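Dear colleague,

Please find the structure below, together with its sequence. My notes on it follow.

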Amino acid sequence: MLRVILFTALLFVTGGLSSALPAAPELELGKSIFEQGVGRDGREIGGRIHGTLILRGQAVACGSCHGRDAQGGGEAFVRAPDIRWHSLSKSFAPRRIGGPRPAYNQSTFARAIHHGIGSNNVALDPAMPRFDLSQDETDALLQYLSITEWRRDVETPTKVVLGLVPAAQTQRFPQELGNRLKTCPSTSTGERFPPLEVLQYENPADALAKVEAKIAEERVSYIVAPYIAGWEAQYVTRARTWPIPTLLPVSPLDLPAHPNISFALPGLASQIGALLDRGLARRPDALTVVMSQRTLQLQDLVQFVRVELSSRHIRVDEVILENAAPVSQNPLWLVLVPLETLATKLQDARPRNKVIALVPAMFFDPEAAQRINQRFADLTWEIAYPYQPKAAHSGRWRTPTEAWSEAGCALMAMIAENTGQDWVSHHPSIRLRSGMTLTNTSDAMRRRGQVIVEQWASDKAFEQRIPHGSDGR
């Protein structure tokens with residue numbers, strides 16, 4: 001459900017209301033708009049964000065961000081404010097939002113709701129929905145907000161879900177993932193999502209300090225899809241001590257088993273194992289492992305590859321691309337470097353044999369593959385994905401961001417549906433609409449079985465790059 005931007009939608013609520021109690025029908029209408037995004041006669045209200053994107057129904061339900069008691073809560077990169085009448089009828093002090101603004105009245109509130117113009121005549125953030133409420137619906141919403149101060153302390157404070165992404169804007173994948181998780185679409189009527197607060201960090205120490213400060217506030221329920229590529233060991237060590245679970249950690253590696261870390265997608269070792277199962281079923285005499293100095297830094301991964309191949313009695317040629325030696329043209333390659341790097345190495349090579357190249361998806365680049373195929377026409381690509389790369393019904397290829405965000409949104413919907421944290425242990429797997437299955441397992445062979453291996457053809461125009469880390473692993 002796309003409800004991330006609602007905090008501003010009612011930030012601007014107004015004065016000038018009658019002191020009399022609203023009539024019951026108006027009160028129920030205002031409550032329906034606030035809690036469900038449903039207006040008069042069951043109409044799903046709509047709101048336009050960023051100029052063109054239309055949201056409807058639950059996606060613009062105010063209580064999703066502000067809490068059912070309207071006292072505020074966490075949402076994405078902001079804190080949703082207290083929008084009860086006794087707070088909203090005042091001008092905000094400079095320390096709260098950077099400068100005072102006039103109190104709202106019915107007219108300026110309606111203008112803000114419909115056209116995105118604040119009481120100070122400044123355009124509101126484009127992320128705030130411009131609503132299609134009728135005048136009577138707008139009035140009903142105002143009336144409902146005017147009595148929310150009588151409902152204080154009825155419910156426990158809203159808990160937030162934390163996301164975690166690097167602040168560097170150059171890392172496209174985590175930034176896009178964070179944005180998608182803030183705008184989860186509803187897949188069924190009435191589906192709700194908990195408030196999400198995404199923390200941006202400068203380095204691992206900064207990330208851990210920020211997470212633990214939030215946990216100390218006792219308002220965090222889960223951490224969903226934290227981006228921990230490159231500092232997995234630090235994160236896992238600390239996460240084991242936290243009173244809240246981590247779901248769907250974003251990492252290129254297989255993480256160690258622990259009850260506090262659930263629904264991790266298959267890592268590189270699992271993907272490589274699935275690729276070897278596929279490639280070695282052809283019974284080749286030899287295999288070329290293409291690596292780099294950075295690959296060698298992943299000592300556990302390199303050792304895993306060596307043990308796997310030794311146990312299968314396959315002759316192995318290890319090629320380090322920084323060295324001068326050419327890539328040996330065995331009929332089977334295992335590529336553990338970014339394909340762009342391999343394309344540069346092969347630009348002067350003379351193809352001799354048909355080759356099958358096994359590549360984990362995070363190293364694959366379709367443009368580089370096409371350039372290589374111009375010289376090696378008989379080279380076939382087998383790509384291992386930690387997720388279902390094709391939509392089950394349409395067969396459309398999906399981007400990594402689509403797959404990860406679908407999984408993250410599904411987990412947040414589960415959080416909203418369940419109280420307590422025991423639901424995680426009671427759901428060994430979750431089947432998603434795309435055909436992808438999230439499995440809560442730490443068993444290495446089962447993780448390996450989740451990997452999807454697909455053959456890539458140069459005429460398939462789709463994005464397959466997974467930039468897990470800025471170090472190019």
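Buried denotes under 20% relative accessible area, exposed over 50%, and partly exposed the range in between, with a 1.4 Å probe and protein chains only. This is a predicted model, in which local features need pLDDT of at least 70, side-chain atom pairs count only at pLDDT 80 or more, and totals for chains, interfaces and linings use all residues. Residues are numbered from 1 along each chain as its sequence is written, and side-chain values use heavy atoms, with hydrogens and water left out.

Backbone angles. Most residues other than glycine have a negative phi. E218, which is not a glycine, has a positive phi of about 60°. E218 lies in the loop between α8 (204-216) and β8 (220-226); helices (H or I, at least four residues) and strands (E, at least two) are DSSP runs, numbered from the N terminus. With 64% relative accessibility, E218 is classed as exposed. F263 likewise has a positive phi, near 60°, and is placed in the loop between β10 (261-262) and α10 (268-280). At 1% relative accessibility, however, F263 is buried.

Confidence. The chain has a mean pLDDT (the predictor's confidence in each residue, from 0 to 100) of 80, and 81% of its residues reach 70 or more. Where pLDDT is low, the predicted coordinates should not be read in detail.

Kind regards
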